[in-house]
Amino acid sequence: MKSVYLVLMPGLDGTGLLFRPLLKALPEFIKPIIVSYPTDKILGYDKLTSYIVEHLPNDEPFVLLGESFGGPLALKVAARKPVMLKGVVLCASFVACPFPFIPLVTKKLLRPFLFSYLKLFAKLNAYAGSRLSVDIEKSLSLTQNEVLAERVKEIMQVDVSRELDNCDLPILYLRGIKDYVVPKWNLQRILKIKPNINDVSINSSHMLLQTQAVQAVEAIHNFIAGLKY
């Protein structure tokens, strides 16, 4: 098959380290480009969108993949209609706050020091002792607490429903059946806006690309194979 670039936008940590399993499973014709976010600079969704646009291929076809936090970014980038963009993949992601019943006033309770506990928890996570556990801990440790706090605040107030509605490109949604970080109702919300997207459910947690990389790549491969580029 003709080569195509897959531009990867990470989750909350922003480093791209957690894409390691996915990279190993990708076929040769899919060329990955990881756009890591600055780990020491506070950039909201709008500024990150401009940052990502600067890293897109100029003369080769590409597909965007936004994981979790990166999903709204993928839709914002798509809204700028890059000439060579052929499709969008949303993985374990959302168009608005994954838990809409959380009041925005909660943002005031988010303090950078709280993310020190998140980093501590990363050492004791469900994948403890595995390579994934090491990558989770390392990726979080590389990103400043202030940056993580602001990204969570961005998640709480983002709404890219309009960008999704206006997107005329093929869209694939990958969902983990056991994903309790971004529950199923987030996909249902997306389907209400865009009923014709292709959604694939995989038996996994929120860490879909990390724990079920082969199945994820199969779905991505089938999606890209059906694109015109």
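This is a predicted model: local features need pLDDT of at least 70, side-chain atom pairs count only at pLDDT 80 or more; totals for chains, interfaces and linings use all residues.
In which loop is I42 found? I42 sits in the loop between β2 and α2.

## Overall make-up

The protein has 10 helices and 6 strands. Of its 229 residues, 50% are buried. Among contacts with a separation of 6 or more, 79% are between residues 24 or more positions apart.

## The sheet

The 6 strands form an open sheet in the order β2-β1-β3-β4-β5-β6, with parallel pairing. β2 (30-34) and β6 (198-202) are the edge strands, and each of them pairs on one side only. From one strand to the next the twist averages 20°.

| Strand pair | Bridges | Facing residues |
|---|---|---|
| β1 and β2 | 5 bridges | V4 and I30 |
| β3 and β4 | 6 bridges | L64 and V88 |
| β4 and β5 | 4 bridges | L90 and Y173 |

β1 covers residues 4-9 and pairs with β2 in the parallel sense. Besides V4, which stands opposite I30 in β2, Y5 of this pairing stands opposite K31 in β2. β3 and β4 also run parallel, as do β4 and β5.

How much of β4 is buried? In β4, 6 of the 7 residues are buried, so the strand is largely enclosed by the rest of the structure. V88 in β4 is the bridge partner of L64, and Y173 in β5 is the bridge partner of L90.

β1, helix α1 (residues 20-25) and β2 make a right-handed β-α-β unit. β3, α3 and β4 make another unit of the β-α-β kind, right-handed as well.

## Helices across the sheet

Helix α8, residues 185-193, lies across β4 (85-91), β5 (171-176) and β6. The direction of α8 is at about 160° to β5. Helix α10, residues 213-225, lies across β1, β2, β3 (62-67), β4, β5 and β6. The angle of α10 to β5 is about 165°.

Why is α3 described as largely enclosed? The reason is that 9 of the 10 residues of α3 are buried, so the rest of the structure largely encloses the helix. The buried residues are G70, G71, P72, L73, A74, L75, K76, V77 and A78. They pack against β1, α2, β3, β4 and α7 (161-166). After α3 comes K81, which has a positive phi near 55°.

Two packed helices are described by the angle between their axes and the distance between the axes. For helix α2 (residues 45-53) and helix α3 (residues 70-79), the axes come within 9 Å and cross at roughly 65°. The crossing of α2 past α3 is right-handed. On the α2 side the residues in contact are Y45, D46, L48, T49, I52 and V53, and on the α3 side they are P72, L73, K76 and V77. By type, the residues of this contact divide into 7 nonpolar, 1 polar and 2 charged.

## Two loop residues

I42, in the loop between β2 and α2, is partly exposed, because its relative accessible area is 47%. Which residues does I42 contact, leaving aside its neighbours within four places in sequence? They are E146, V147 and E150. I42 and V147 are 105 residues apart in sequence, while their C-alpha atoms are 5.2 Å apart in space.

D59 lies in the loop between α2 and β3. Is D59 buried or exposed? D59 is exposed, because its relative accessible area is 60% and the cut-off for exposed is over 50%. D59 and M84 are 25 residues apart in sequence and 6.7 Å apart in space, C-alpha to C-alpha.

Technical notes: Residues are numbered from 1 along each chain as its sequence is written. Side-chain values use heavy atoms; hydrogens and water are left out. Axes are lines fitted to C-alpha atoms, for helices over the stretch in contact, and angles run from 0 to 180 degrees between N-to-C directions. A crossing is left-handed if the near helix is turned anticlockwise from the far one by less than a right angle, and right-handed if clockwise. Contact means heavy atoms within 4.5 Å. Ala, Val, Leu, Ile, Met, Phe, Trp, Tyr, Cys and Pro count as nonpolar, Asp, Glu, Lys and Arg as charged, and the others, Gly among them, as polar. Two strands pair if DSSP finds at least two bridges between them. A crossover is right-handed if, with the strands pointing away from the viewer, the path from the first strand over the helix to the second runs clockwise. Buried means under 20% relative accessible area, exposed over 50%, partly exposed in between (1.4 Å probe, protein chains only).
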